Amino acid sequence: MLRRWINPRLSYTVKEIASTEGGRVMLSDGTILESPRLTRTVRGCSRLLCFIATIGPGIENAVQRLPQQYRLTDGYTLDTIGSIMIEEVVETFQDMMREKAHMTGKGVTLRFSPGYCDWPITEQRKLFPLIDAGRIGVTLTSSLLMTPRKSISGVFGVGADAHNSSYNPCSHCRRPDCPARRD
């Protein structure tokens, strides 16, 4: 049943990192991503892998119909399954990229998304033009949310020093109850 509601798709690009200074990741194409923690995370990396992933609108559409049938628990459960599934898509992709990098003596950093840590959600406006999101049916609304809702955008560093980095921005966070915490 779930298979008919899920259409996992991902689009990504790899950008050269020109510098990581002053809380900014400067890409060779002139894009500047502003986040001290992201900057520290990708320091020592030569490339930034930028991605957008989605499982499509199927689950979202099904969840919206369930309250009309007085199936609130089913809707909540299905929505949660959708969230878990899009996370799994992105984790699988990052694992594949980690293996690919490892074969060339490189590694990958932790994943970051706009809205995580100190990287403002407004940075979505800088990230989206780097990736062909339209190819996978993902759009960015004026309020900076993605549609379909079960979509994730983000970045991670790739480089020779990435697998040696022990920096985890969560260790400096004052939010112990953060749902994205990686300790």
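Which helix is included in what covers the buried residues of H2? Helix H3 (72-102) is part of that cover. The legends below describe close-up views of this predicted model.

**View 1. Overall fold of the predicted chain.** Four helices and eight strands make up the chain. Their order along the sequence is β-β-β-α-β-α-α-β-α-β-β-β. Of the 183 residues, 44% count as buried. The accessible surface comes to about 10100 Å². Carbon and sulfur atoms account for 53% of that surface. Among contacts between residues at least 6 apart in sequence, 70% join residues at least 24 apart.

View 2. Strand E1 spans residues 9-21, and strand E4 spans residues 47-54. The two run antiparallel and are joined by eight bridges. Leu 10 has Ala 53 of E4 as its bridge partner. E1 also runs antiparallel to strand E2 (residues 24-27), with four bridges between them. Here Ile 17 is partnered by Leu 27 of E2.

**View 3. The E1-E2 hairpin turn.** Two residues lie between E1 and E2 in this hairpin. Gly 22 sits in the turn and has a positive phi of about 55°.

**View 4. Surroundings of Lys 15.** Lys 15 belongs to strand E1. Its side chain makes a polar contact with the side chain of Asp 29, at 3.4 Å. Beyond residues up to four places away in sequence, Lys 15 touches Leu 27, Asp 29, Ser 46, Arg 47, Leu 48, Cys 50 and Leu 130.

**View 5. Helix H2 and its cover.** Helix H2 covers residues 58-65. Gly 58, Ile 59, Glu 60, Ala 62 and Val 63 are buried in this helix. Helix H3 (72-102) is included in what covers them.

**View 6. The largest nonpolar core.** This core holds 22 residues. Val 25, Leu 38, Leu 48, Ile 52 and Val 155 touch the most other members. E2, helix H1 (36-42) and E4 each give two or more residues to the core. E4 supplies the largest share, three residues.

**View 7. Val 25 and its contacts.** Val 25 is among the residues that touch the most other members of the largest core. Leaving aside residues up to four places away in sequence, Val 25 touches Ile 17, Ser 19, Thr 20, Thr 31, Ile 32, Leu 33, Leu 38, Thr 39, Val 42 and Leu 48.

View 8. A separate core has 21 residues. Among them are Leu 49, Ile 55, Ile 59 and Val 158. Ile 59 is also one of the buried residues of H2.

Technical notes: Residues numbered from 1 in each chain as written. Predicted model: local features only at pLDDT ≥ 70, side-chain atom pairs only at ≥ 80, totals over all residues. Heavy atoms only, no water. Buried < 20%, exposed > 50% of the residue type's maximum accessible area, 1.4 Å probe, protein only. Contact = heavy atoms within 4.5 Å. Areas by Shrake-Rupley, 256 points an atom, 1.4 Å probe, with all protein chains shown as cover. Pairing = 2+ DSSP bridges. Polar contact = N/O pair within 3.5 Å; in protein donor to acceptor, adjacent residues only side chain to side chain. Core = buried A, V, L, I, M, F, W, Y, C linked by side-chain atoms within 4.5 Å.
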